[in-house]
Amino acid sequence: MKPKIRQLTPDDKEAFARMNKETYYKQMDPSFFIPFSAMEIERNFSPEAQDILLGIFENGQLVAVSGLLFDLSDFKELDALKGKDLDLQRTAEIGGCMTSPGHRNNGYMRMINECILRTAKERKLRHLIATAHPDNLPSNTSLRKLGMQLLTVIERHSYPRNLYLLDLEEVR
């Protein structure tokens, strides 16, 4: 059966929380994934949620997630982004990317992030930011295949991260 992609709803909160925990504890290197806190999960599944989380479902089971995250507080003061003509009202982060361990290497992150790009364009966003641990080759490869440009390495939540930027006006 073909996997289905859709926006997550409050009914998906428990499946998301399980996947978040499983992804962190079953990662090759725990520093590759910064898990959502319980408070962030509650916020993302509240009626006031601004972030857009998309999920891939296989046989009704959530197997991959990626999101457009609008809290850019981690990025506001970065020198690497100064002079990039960023309008923070039209910028979001591709984040929360995770694929359950038994479903990796199926191209799901690429598939879901292509939907993220379409969603960003529909919302008239101009720029997307993303980060990935420098040693997490699948994540870095996925971001580069989306057309994201590596700017520099930063420290985020005490871990090194490659910082990527994509100007959506340059994407066909």
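Is Asp74 buried, partly exposed or exposed? Asp74 counts as partly exposed, because its relative accessibility is 36%; buried means under 20% relative accessible area, exposed over 50%, and partly exposed in between, with a 1.4 Å probe and protein chains only.

The model is predicted, so local features need pLDDT of at least 70 and side-chain atom pairs count only at pLDDT 80 or more, while totals for chains, interfaces and linings use all residues. Residues are numbered from 1 along each chain as its sequence is written, and side-chain values use heavy atoms, with hydrogens and water left out.

**Stop 1: Asp74 and Arg156.** Select both side chains. They meet in a salt bridge, at 2.8 Å from N to O. A salt bridge here is a side-chain nitrogen of Lys or Arg within 4 Å of a carboxyl oxygen of Asp or Glu. Arg156 lies in strand S6 and Asp74 in the loop between S3 and S4, so the pair ties together parts that are 82 residues apart in sequence. Helices (H or I, at least four residues) and strands (E, at least two) are DSSP runs, numbered from the N terminus. Arg156 counts as buried, at 11% relative accessibility.

**Stop 2: strand S4.** Select residues 91–99. Of the 9 residues of S4, 8 are buried, so the strand is largely enclosed by the rest of the structure. Strand S3 (residues 61–69) runs antiparallel to S4, joined by 5 bridges; two strands pair if DSSP finds at least two bridges between them. Gly67 has Gly95 in S4 as its bridge partner. Strand S5 (residues 127–132) runs parallel to S4, with 3 bridges, and Ala92 has Leu128 in S5 as its partner.

**Stop 3: Asn105.** Go to the loop between S4 and helix H3 (108–122), where Asn105 is placed. Its phi is near 65 degrees, a positive value in a residue other than glycine. Most residues other than glycine have a negative phi. Asn105 counts as exposed, at 78% relative accessibility.

**Stop 4: Lys13 and Glu42.** Select this pair, a salt bridge whose closest N and O atoms are 2.9 Å apart. Lys13 lies in helix H1 (residues 13–25) and Glu42 in helix H2 (residues 38–44), so the pair ties together parts 29 residues apart in sequence. Glu42 counts as partly exposed, at 45% relative accessibility.
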